[in-house]
Amino acid sequence: MLIPPFTIAQLPRILFGAGRLAELPVIAGELGRHALLLTGGRSFREGPHWPALQAKLSDAGIQWDTFVVAGEPSPALIDEAVARFRDTGIDLVIAVGGGSVLDAGKAVAALLATGNSVMDHLEDVGRGLPYEGNPLPFIAVPTTAGTGSEATKNAVLSVQGESGYKKSFRHDAMVPDVALVDPELLRDCPRPLMAAQGMDAFTQLLESYVSRRANPFTDALAWSGLEAVAAGFFSALEGGDSEAARAGRAGMAYGALLSGITLAQVGLGAVHGLAQPFGSLFPIPHGVACGSVLATATAVNVQALEARAPEHPALAKYAAVGRLLAARPQAEQRQACALLVESLYQWTERLELPRLSTFGVTEADLPLIVAASRNNSMKSNSIDLSDDEIAAIIRQRL
């Protein structure tokens, strides 16, 4: 087998397994003595792990301050945190929460080291200055299984509204020093959030698997993650403490972690190209945006590949995933691709993912959304799509 050249960027130190949250104080103590601890607004703080974590941090002799990230972080929120804690002796940042909390933690860790505004560095809408700092040590602890932010170098920041945007502050030095992934933190994740986040993770795995920048290394990780999510998604959604539920949560946490690794290395595709304007122009949660259009985007991609590039390797990959989801290992390629699309439509209905019109998207918005979708994610889609093909993806989910 001829292995083509490829490059893998920096990865965090990864600690994975049920119960590993208990190791956080020891790991933190190796990196600093005064932590800034970012969390979401309610779920983790109101759950059983928060009191125990505070006690263990105190026992380990670690001082900490807290900062709440309630919702998707904005540039103003990041600058607020940096201004508040810049001169307080913070030497370590820990983020415990969903992707928004982890992204905020990355940005704050980077900017506490320099004191800059995030608008100095935010892509496209910022001042275009290169980041030249050395971020504070950063530990990422995901409590949802979706974004894979614990393994990426970018912090996604949002401003919603007619002039809104969803842009990244990114730098190789912003990859977390440690990703501590404890699947049992998913136990109390609400079912709608688990569904949306799970679809985000699955989308990231699928899009990186068929990315035009994919390589054998990322393919192996993406396939392993796809198998884990396919096997564990709906068991995790059932919740509880059964063996199947625990295995499902482990599979989802593992799949989300791998999705972060693969997207960071080879990029994504049309779904995430569209998710950016969906999230900035409308109040659509990221996972819902991805899950809502995944089936239609996959169908359009497959049709475009079959029509214009029938020998493209992405078709064989789509077919492999179709056989996996439908449990039809003998299906020939075209049939297997159809099975994939059918399975994804079934998932969309089973998970009761809302249509885009629920969030105010109309036919009149299509030109603006299509234009805004021509971003980095769209550039790594397996095949170039026309404006009409992108509009068709949206139209089918209005």
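Strands E2 (34-39) and E3 (63-68) run parallel and are joined by 6 bridges, where helices (H or I, at least four residues) and strands (E, at least two) are DSSP runs numbered from the N terminus, and two strands are taken to pair if DSSP finds at least two bridges between them. The model is a predicted one, in which local features need pLDDT of at least 70 and side-chain atom pairs count only at pLDDT 80 or more, whereas totals for chains, interfaces and linings use all residues. Residues are numbered from 1 along each chain as its sequence is written, and side-chain values use heavy atoms, with hydrogens and water left out.

Helix H3 (residues 75-85) has as its buried residues Pro75, Leu77, Ile78, Ala81, Val82 and Phe85. These residues cover an arc of only 165° around the axis, which puts them on the same side of H3, the arc being that of the directions from the helix axis to the C-beta atoms. An α-helix has 3.6 residues a turn, so residues three or four places apart point the same way. The exposed residues Ala76 and Ala83 are carried on the face of H3 turned away from its buried side. The cover over the buried residues of H3 includes strands E2 and E3, helix H4 (99-112), strand E6 (154-159) and strand E7 (165-170), with contact defined as heavy atoms within 4.5 Å.

Thr144 is placed in the loop between strand E5 (138-142) and E6, and counts as buried at 15% relative accessibility. Its side chain is joined to that of Gln197 by a polar contact of 3.2 Å (a pair of N or O atoms within 3.5 Å; within protein, one must be able to donate a hydrogen and the other to accept it, and residues adjacent in sequence count only if both atoms are side-chain atoms). When neighbours within four places in sequence are left aside, the contacts of Thr144 are Gly97, Gly98, Gly99, Leu186, Cys189, Leu193 and Gln197.

Asn376, in helix H13 (residues 376-379), is partly exposed, with a relative accessible area of 47%. Apart from neighbours within four places in sequence, Asn376 is in contact with Glu123 and Arg170.

For the chain as a whole, the secondary structure comes to 14 helices and 8 strands. Buried residues make up 56% of the 398 residues, and, among contacts between residues at least 6 apart in sequence, 78% join residues at least 24 apart.

Notes
Buried < 20%, exposed > 50% of the residue type's maximum accessible area, 1.4 Å probe, protein only.
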